[in-house]
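Student: Could you show me how to read strand pairing and backbone geometry, moving from the general idea to the particular case?
Tutor: Let us take the strands to begin with, and then turn to the loops.

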Amino acid sequence: MGIPSWDDIVLIEHGKNSGEPSVVKVNCPDKAGLGCDLTRIILEFGLYVTRGDFSTDGKWCYIVLWVVPRPSSLKIDWESLKSRLLSACPSCLILSYFNQQSSCSPPPQVYLLKVFCLDRKGLLHDVTKLLCELELSIQKVKVMTTPDGKVLDLFFITDGMDLLHTQERRNKTCKHLGLVLGDYCISCELELAGPEYVGQQDFSSLSPEVAEDLFSCKLSHKDACSQVVTSKVARVNKATITVDNVLSPAHTLLQIQCTDQKGLIYDILRTFKDLDIQIAYGRISPTAKGYRNMDLFIQKRDGKKIVGHESQVALCSHLKEEMLHPLRVTITSRGPDTELLVANPVELSGKGRPRVFYDVTFALKTLGICIFSAEIDRHSTSDRQWEVYRFLLEESRGFPLASQRARSEIVERVKGTLMGW
């Protein structure tokens, strides 16, 4: 492959007619986990992958993704998306080997956004929506409601544009928040986070019973406090993976069929990245009757196939778990209060899943449920780390939180929003 110019590393071609997908083409040196990093950015922008092609010789890769906004009314800053995708690509001016040795970039700077305002329904989601539009990612949050009807929101954020060190970017962020909140806004401050930000060292203190319910691989059928099994979930449980080591002399072919859902491609590529498995060639077909078909030719980082029955079973089991349970949702009682918990796996790189806080606050806003407090923590199980979102919910006339029916409806709405159902 020839070396493209900088402007040709990422190309975005828009559909000729309204509703047609835009085509994202990436042509650059390969690196471990590049597909995961690119699809993570696409998910972060609220885009849905309708189909895709991947190919690499281990040194150079070519990736084509057809994407559409979800919902269709979502406004996409395509230039900003291109810049973010470029930032994930190794430079064409240095050797791919050097890129792989230098792929561990320093973590982005974390800033503290303090928003003090009068409380109202949907407030937390409106702030979260603006932060997403400004490409500010929430790493941690503390939301506290005072007895006199005011709210103090502490957002620990990173900047996808890497410009929060400038006064202009900080002023613009606070100005936009003031416009969104209007007269409800009392004050807004944005500064570099200090020692109070302990990031990944903050771990949640879940009871053993709640942790078992939340992190168990099997969906619980116990009661309304447990994860709700919908018809969609039942269909997901029919996912199949076929392993073929005969068709290709150098690669293992995985043929995957499963129910389509938000972030599915990212979840599969995230799993491969964490397991240090490379896709040499892959084709993701368009959704047919709600199902996805994928043909992926893979090999381990040392260039070998996935051989041995135990290794194949372990890989398929791991993939199915990520497809069936990429997000966990449950409601439980916390003393006299009702708590909604949402959990997702953390990448080995330490990154959590994009837009979870956005989707949960949106689902609760559409139900008319107010949030008394919210936190984002980390939780470690025997084999992995999780990002845990905790929401204390306020009682409402439409959703008496002691009711099993109401709890089931909340969990189902939140889960459906997260999965794009």
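Tutor: In this predicted model, strands β10 and β12 are paired in the antiparallel sense, and eight bridges connect them. Within that pairing, L253 is set opposite F297 in β12.

Student: Which strand do five bridges join to β10, and in what sense do the two run?

Tutor: That strand is β9, residues 240–244, and β9 and β10 run antiparallel. Here I241 has I256 of β10 standing opposite.

Student: How many of the eight residues of strand β10 are buried?

Tutor: A residue counts as buried when its relative accessible area is under 20%. Six of the eight residues in β10, which spans 252–259, are buried, and the strand is accordingly mostly covered.

Student: Turning to the backbone, which residues does a cis peptide bond join?

Tutor: The cis peptide bond is the one between R70 and P71, with omega at about 0°. P71 itself is placed in the loop that lies between β4 (60–69) and α2 (78–88).

Student: What is the phi of D162, and where is D162 placed?

Tutor: D162 is not a glycine, and yet its phi is positive, at about 55°; its place is in the loop between β7 (150–159) and α5 (167–181).

Student: Is D162 buried or exposed?

Tutor: Exposed is the term for a relative accessible area over 50%, and D162, with 57%, is exposed.

Student: Where does K289 lie, and what is its phi?

Tutor: K289 lies in the loop between β11 (277–284) and β12 (291–300), and K289, although not a glycine, has a positive phi of about 55°. Its relative accessibility is 81%, so K289 counts as exposed.

How values were computed: Residues are numbered from 1 along each chain as its sequence is written. This is a predicted model: local features need pLDDT of at least 70, side-chain atom pairs count only at pLDDT 80 or more; totals for chains, interfaces and linings use all residues. Side-chain values use heavy atoms; hydrogens and water are left out. Helices (H or I, at least four residues) and strands (E, at least two) are DSSP runs, numbered from the N terminus. Buried means under 20% relative accessible area, exposed over 50%, partly exposed in between (1.4 Å probe, protein chains only). Two strands pair if DSSP finds at least two bridges between them.
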